Amino acid sequence: MPGHVGSYPSTSNLKLALIESQDLKLARSWQLPSDQYANRASSITPASEAFLSQIAVWPLIDSTRLKPYHHMRVWDGIDSSSQISFSSASPPIATMTENPNLQRALLQRLSELPPISIFDSTKVASIDDGPSPSSQDSLNLSSYPSITLSTGQKILARLLVGADGLNSPVRTFAGIPTRGWDYERHGVVATVKYSGRDMFKGNRNRVTAYQRFLPSGPIALLAMPGGYATLVWTTTPGKAVKIKSLAEEDFVAMVNAAFRLENVDLEYMIGLDNGQTEELNWRCSVTGVREDESRIPRLVESVQEGSIASFPLRYRQADSYISSRIALVGDAAHTVHPLAGQGLNMGLADVRSLAKTIEYTVEHGGDIGDEMYLDRYNNEMWVQNNRMLGVTDKLHKLYGVSWGPLVGIRSMGLKLVDRLDPVKIWLMKQAGGIET
């Protein structure tokens, strides 16, 4: 957030501070070999890319570790004939980047801007109301949040921006309630390598993202450079534990099975203590699975050591993104199901909107902590984010049902949408943040 505000001429003279509990030296010096990728990666939409370009961050990202994808195929795990595909030559549907790659570029951009006070390896000890005036002639700072750091330092803020995650202390201080629930699902992530040579090398317009909706949750493979891919597999907590405990070759077999076999086969295989590799080979041979990269991803041959992890999935929406001298962005304001890959993009959209609001306020001589001005940000982003939260939540619930009649109805609906190109173009623009 400080870098975005500091990028605008009218707000470049504001005094900015960034408080971060992690040691940012590690983020600034992050680097991996060309045959290794971080397991936390994000799909950057065209709108997010445009914003990052506007604030001079996108050129600082290591482009050799980016992978745009131009096609996406999504299908039903129960009725495999029910599918929808998207294509976009320019711009791409989205571009994959590792989160540390983006973070390093953001920190580099911060170093190029007017001095910003950075307190890293520092925690917030408490947030309180500012001091009351000691006399009639003293400034009344009682409405200013007073942040006490773990070092003992105190900071008074005209505007305190909470970008501090799901359990936001800033949101708690402001007394802003949240609503939502836990999905009782975990997202299993890993970096995997496709078999053979990089199937998209030399033909960037063929790069395809694959997603299959299984009853327990969607599984997706999103291409990275060099024949690698990011895996995101939503499943129940118990199955997530089991999948993570498998030997490497059996983990790989389960990933390949999840894109090829029927759900009853997957349920049987995941119940095995070991031997998933042999089971997959036998079941593919008797069911006649056809390897066709226009339908399913190429076989995965290995998983990067140490890359398998999981995290719980939740739905959260704050009742408001603002209060007096407080603004919330990102996970502090909302938490979304990852099935549409929109979490980071929603956070970047928050930051862009709040930065524009601060710029507008300064240009009109206003107080950047005044709710009257902050309402511009809240009014724009709360409704927009609530719409995306609702869509992803309903998709999760719709595809979590195995009841025959409902499966038939959703299959007919998906097949119909797949035939309507104008509708698919509209959906891509909505997901990509492109104004229509």
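**Entry 1: R325.** I began with R325, which counts as buried because its relative accessibility is 8% (buried is under 20% relative accessible area, exposed over 50%, partly exposed in between, with a 1.4 Å probe and protein chains only). I found R325 in the loop between β18 (322–323) and β19 (326–328); strands are DSSP runs of E of at least two residues, helices runs of H or I of at least four, numbered from the N terminus. Its phi is near 65 degrees, a positive value in a residue other than glycine.

**A note on the model.** I am reading a predicted model, where local features need pLDDT of at least 70, side-chain atom pairs count only at pLDDT 80 or more, and totals for chains, interfaces and linings use all residues. Residues are numbered from 1 along each chain as its sequence is written, and side-chain values use heavy atoms, leaving out hydrogens and water.

**Entry 2: E184.** E184 lies in strand β12 (residues 178–194). With 53% relative accessibility, E184 counts as exposed.

**Entry 3: α8 and α9.** How do the axes of α8 and α9 cross? I read roughly 155 degrees for helix α8 (residues 263–270) and helix α9 (residues 276–287), with the axes coming within 10 Å. Axes are lines fitted to C-alpha atoms, for helices over the stretch in contact, and angles run from 0 to 180 degrees between N-to-C directions. The two helices are therefore roughly antiparallel (angles over 145 degrees; under 35 is roughly parallel, 65 to 115 roughly perpendicular, the rest oblique). I also noted which residues touch: D265, Y268 and M269 in α8 meet Q276, E279, L280 and R283 in α9, with contact meaning heavy atoms within 4.5 Å.
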